[in-house]
Amino acid sequence: MKIGCFVEKYNFHTREEAGTLKLFKSTAERKGHSFDFIFKKDLDRIAEYDAIFIRATTDPMNTAYVASRMADALGKVVIDDPHSIRVCSSKVVLDDLFRQNSIPSPRSLLFDGDYDQKNLKRIFDYLGFPVVLKAPYTKFSSHVEKAASEAEFREISARYLRHATPIVLQEYMPSSFDWRVGVLDNQLLYLCKYYMPKGGWKVKSLVDGKQQWGKVVPIKRKNAPRKLAELAIKITRCVGDGLYGLDIKEIGGRFFCIEVNDNPSFYLGQEDARDPDLYEKIIDRLASGRPVKPGTYRLNEPF
């Protein structure tokens with residue numbers, strides 16, 4: 001099998017991410033497959049490959065999405081497939097998926113800029129303060145902020161609405177960590193706890209004027225709490241049978257899904273620390289000849 005791995009230069013900027021890319025390549029070659037890194041300039045070579053593995057940042061505005069669509073149109077096995085990218089890249093779409101499938105998640109509302117006082121009262125009565133605001137398209141929580149007052153809410157929401165409508169408003173659920181559950185082919189692949197940095201409220205938070213990441217604690221997937229594993233599998237069956245990283249909060253023994261991410265990050269010694277066979281499992285899936293199929297959730301968005 002010939003596997004093409006679509007990357008950008010920034011994928012090699014950190015030792016941890018570059019190290020995982022090398023492990024994907026060596027694992028594929030040990031199994032008798034070829035594994036080439038391909039860049040923007042190589043899009044016209046996608047037809048040469050049996051499978052395409054996307055590692056660059058995906059959203060429908062990025063070249064990685066173009067690569068995914070091209071590979072999918074040619075009948076290749078592609079991870080991440082276009083359907084998964086469209087579902088996971090939009091917080092508005094995910095909110096709809098959670099509602100349609102009764103997925104436990106923080107209370108939420110969509111907001112299109114109606115600042116009428118009655119509407120604001122309805123929002124604040126339902127979600128309380130602080131309230132979390134999310135732009136539809138965001139990576140690494142870059143456009144996720146918390147408003148502690150109506151004034152802050154107005155300032156943040158007006159800023160986000162200049163670029164997209166609607167935005168997602170969410171109940172704030174404080175926790176010291178989020179579960180990160182890696183799922184491939186509707187089966188658990190790896191498990192971690194992503195902790196909030198000291199003084200922060202997100203995994204990546206602005207603390208003392210600097211962006212800080214919390215620590216990552218890997219856990220063997222076989223030790224996943226049963227209810228956590230069941231919820232993760234239920235959610236991915238709605239999206240598809242590709243590769244996903246789910247962010248799930250545990251509050252009082254109950255689990256609430258925050259986000260489903262396509263193109264989950266892999267850093268050496270973190271996600272792979274307790275279940276290093278994740279490399280083999282992903283390569284085997286790419287080499288299976290079995291295209292990724294959409295799950296039960298159907299998109300209404302035109303793309």
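In this predicted model, aspartate 185 is placed in the loop between β9 (177-184) and β10. Although aspartate 185 is not a glycine, its phi is positive, at about 60 degrees. The side chain of aspartate 185 meets that of arginine 285 in a salt bridge, with a separation of 3.4 Å from N to O. Because arginine 285 lies in helix α8 while aspartate 185 belongs to the loop between β9 and β10, the pair ties together parts that are 100 residues apart in sequence. Arginine 285 itself counts as buried, at 3% relative accessibility.

A positive phi is also found at asparagine 263, a residue other than glycine, where the angle is near 50 degrees. Asparagine 263 is situated in the loop between β15 (254-262) and α8 (278-286), and with a relative accessible area of 14% it is buried.

Being four residues apart in helix α7 (residues 226-239), glutamate 230 and arginine 226 are separated by about one helical turn. Glutamate 230 counts as partly exposed, at 44% relative accessibility, and arginine 226 is exposed, with a relative accessible area of 56%.

Lysine 76, which lies in the loop between α2 (63-73) and β4 (77-79), is buried yet has no salt bridge. The nearest side chain of opposite charge is that of aspartate 50, at a distance of 5.5 Å, whereas a salt bridge requires a side-chain nitrogen of Lys or Arg within 4 Å of a carboxyl oxygen of Asp or Glu. When residues up to four places away in sequence are not counted, lysine 76 touches Ile46, Ala47, Tyr49, Asp50, Ala71 and Pro291.

Tyrosine 194, found in strand β10 (residues 187-195), is buried, with a relative accessible area of 8%. The C-alpha atoms of tyrosine 194 and serine 90, which are 104 residues apart along the chain, are separated by 22 Å. Alanine 135, in the loop between β6 (131-134) and β7 (144-147), is likewise buried, with a relative accessible area of 9%. Not counting residues up to four places away in sequence, alanine 135 touches Lys91, His143, Tyr160 and Ile167. Alanine 135 and lysine 31 are 104 residues apart in sequence, and their C-alpha atoms are 42 Å apart in space.

Helix packing was examined for two pairs. The axes of helix α3 (residues 82-89) and helix α4 (residues 91-100) come within 5 Å and cross at roughly 90 degrees, which makes α3 roughly perpendicular to α4. In this contact, Arg86, Val87, Cys88 and Ser89 in α3 meet Lys91, Val93, Leu94 and Leu97 in α4, and the residues involved divide into five nonpolar, one polar and two charged. For helix α5 (residues 117-127) and helix α6 (residues 150-161), the axes come within 12 Å and cross at roughly 105 degrees, and α5 is therefore roughly perpendicular to α6. The contact is made by Gln117, Leu120 and Phe124 of α5 together with Glu150, Phe153 and Arg154 of α6, a set that divides into three nonpolar, one polar and two charged residues.

Cis peptide bonds were identified at two of the loops. One joins isoleucine 79 and aspartate 80, with omega about 20 degrees, and aspartate 80 has its place in the loop between β4 and α3. Another runs from phenylalanine 129 to proline 130, with omega near -5 degrees, and proline 130 lies in the loop between α5 and β6.

Notes
Residues are numbered from 1 along each chain as its sequence is written. This is a predicted model: local features need pLDDT of at least 70, side-chain atom pairs count only at pLDDT 80 or more; totals for chains, interfaces and linings use all residues. Side-chain values use heavy atoms; hydrogens and water are left out. Axes are lines fitted to C-alpha atoms, for helices over the stretch in contact, and angles run from 0 to 180 degrees between N-to-C directions. Angles under 35 degrees count as roughly parallel, over 145 as roughly antiparallel, 65 to 115 as roughly perpendicular and the rest as oblique. Contact means heavy atoms within 4.5 Å. Ala, Val, Leu, Ile, Met, Phe, Trp, Tyr, Cys and Pro count as nonpolar, Asp, Glu, Lys and Arg as charged, and the others, Gly among them, as polar. Buried means under 20% relative accessible area, exposed over 50%, partly exposed in between (1.4 Å probe, protein chains only). Lys and Arg count as positive and Asp and Glu as negative; His and the chain ends are not counted.
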